[in-house]
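Reader: I have a structure open on my screen and I'm new to this. Could you walk me through a few parts of it?

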Amino acid sequence: MVKFRTHLLVLLAMASLVGIIILAGCSNRDERFESAPLAPSLQEADAALHRAQAAMQRANIDLELSDIGTLGHLATILPSPLQLSTLEDPEVIQEAIRAMYEVLDAVGQQQVAQAPANPAQTGPGVSESDLVLVHIHFAYLYVLEAVRITTIEGWGKDGEPNTNDDLCRISFPEEFVLEDVKALEEIYVFELTERSQAIFDAIEANPNSRSEDYLKQFNQSQRQVILDALLLLLGSEVKVPAFPSVIGSDSKPIIEQTSSADRGIYRQDALFHLQDARNIARVIAPDLEEALNDLSKIIVETFAEDFLDQISQWSFEVLNAQEVHSRLDKLVSKR
């Protein structure tokens, strides 16, 4: 039975646990920066951070990391898929991401390279916990954007949620207990609707079916959003091969598609920023290692074995599968 359940928020859950342990004892960022005059670069970083926070507050998606340690369950700080899909300004997440990269630019961090060999050596006045905060925000924002675009495209032709033509949905739990590690897989769950699941099961059961029979169940926009969501989450370079003689659900031939995500905005992906946060946390709080490894294993199982393998079965081509699996392996490594 084909099972399309991709747990999108495991990345964020792991990042937030880092925040719980590392940041619980940190002093308020604004109080620390106000204690002495800021250098010009830090003034730029501070202004950019405030722009990012203002954008998130306008959409009611701001992440109060200072409160995480006192929350009983993570879901209380996460926006629902419906809230994300009905944002008054759909570009607000992009605006926040742009501003957060301006923060890194101002303090001289390199977004296209791996984390520095010695994460403790940051710019003057910028602490390791500040950088962990920034990278956790990035992971959060990337995941929210992936959830937002996927939710909208899953609604089908009528553009309305929870109707008969929905292809997929992202479920969201009413209750989530942080201490239950297995529940980390059940925050945002990307799954086919019952109707779509029955269609996919029938394709799999048919001995004469072709792999592209899965692709034609999607319209062009729905296929595109899978490519873009995978890039935002994992940096996966995925392609839809052309099948000119195969007609999709929008009555159009299946054309070749690659990700359309704007790399001028989305310079990296959630996995990259989570790894950077983990690299820094490893130096300043080594006792986190075991907890991070447990959560990382969930990420590998969920994304590498479920999502990536599933879309390959549906004729989506993962062009950098080896690289993505290598990055996931590093994330779960105890080294």
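Predicted model: local features only at pLDDT ≥ 70, side-chain atom pairs only at ≥ 80, totals over all residues.

Author: Residues are numbered from 1 along each chain as its sequence is written, and side-chain values use heavy atoms, with hydrogens and water left out.

Reader: How many residues of α5 are buried?

Author: Helices here are DSSP runs of H or I with at least four residues, strands are E runs of at least two, and both are numbered from the N terminus. Helix α5 covers residues 92–106, and buried means under 20% relative accessible area, exposed over 50%, partly exposed in between (1.4 Å probe, protein chains only). Val92, Ile93 and Gln94 are among the buried ones. Out of 15 residues in α5, the buried count is eleven.

Reader: How far does α3 reach from its first C-alpha to its last?

Author: The expected span of a helix is 1.5 Å times one less than its number of residues. α3 has 19 residues, and 27 Å is expected for it. Its reach comes close to that value, at 27 Å.

Reader: Are α6 and α10 roughly parallel or roughly antiparallel?

Author: Two packed helices are described by the angle between their axes and the distance between the axes. Axes are lines fitted to C-alpha atoms, for helices over the stretch in contact, and angles run from 0 to 180 degrees between N-to-C directions. α6 and α10 pack at about 155°, with axes 8 Å apart. Angles under 35 degrees count as roughly parallel, over 145 as roughly antiparallel, 65 to 115 as roughly perpendicular and the rest as oblique, so α6 and α10 are roughly antiparallel.

Reader: How many nonpolar residues are in the contact of α6 with α10?

Author: Leu131, Val132 and Ile136 are among the α6 residues there, and they meet α10 residues that include Ala277 and Ile280. Ala, Val, Leu, Ile, Met, Phe, Trp, Tyr, Cys and Pro count as nonpolar, Asp, Glu, Lys and Arg as charged, and the others, Gly among them, as polar. Alongside three polar and two charged residues, the nonpolar ones number twelve.

Reader: Is Ser236 buried or exposed?

Author: You'll find Ser236 in the loop between α9 and β4 (238–239). Leaving out residues up to four places away in sequence, Ser236 touches Leu227, Leu230, Leu231, Leu308, Asn320 and Val324. Its relative accessible area is 0%, so Ser236 is buried.

Reader: What is the phi of Asn162, roughly?

Author: Most residues other than glycine have a negative phi. Asn162 sits in the loop between α6 and β2 (168–171) and is exposed, with a relative accessible area of 71%. Although Asn162 is not a glycine, its phi is positive, about 60°.

Reader: Which residue just after α3 takes a positive phi too?

Author: This one comes just after α3, and its phi is about 60°. The residue is Asn60.

Technical notes
Contact = heavy atoms within 4.5 Å.
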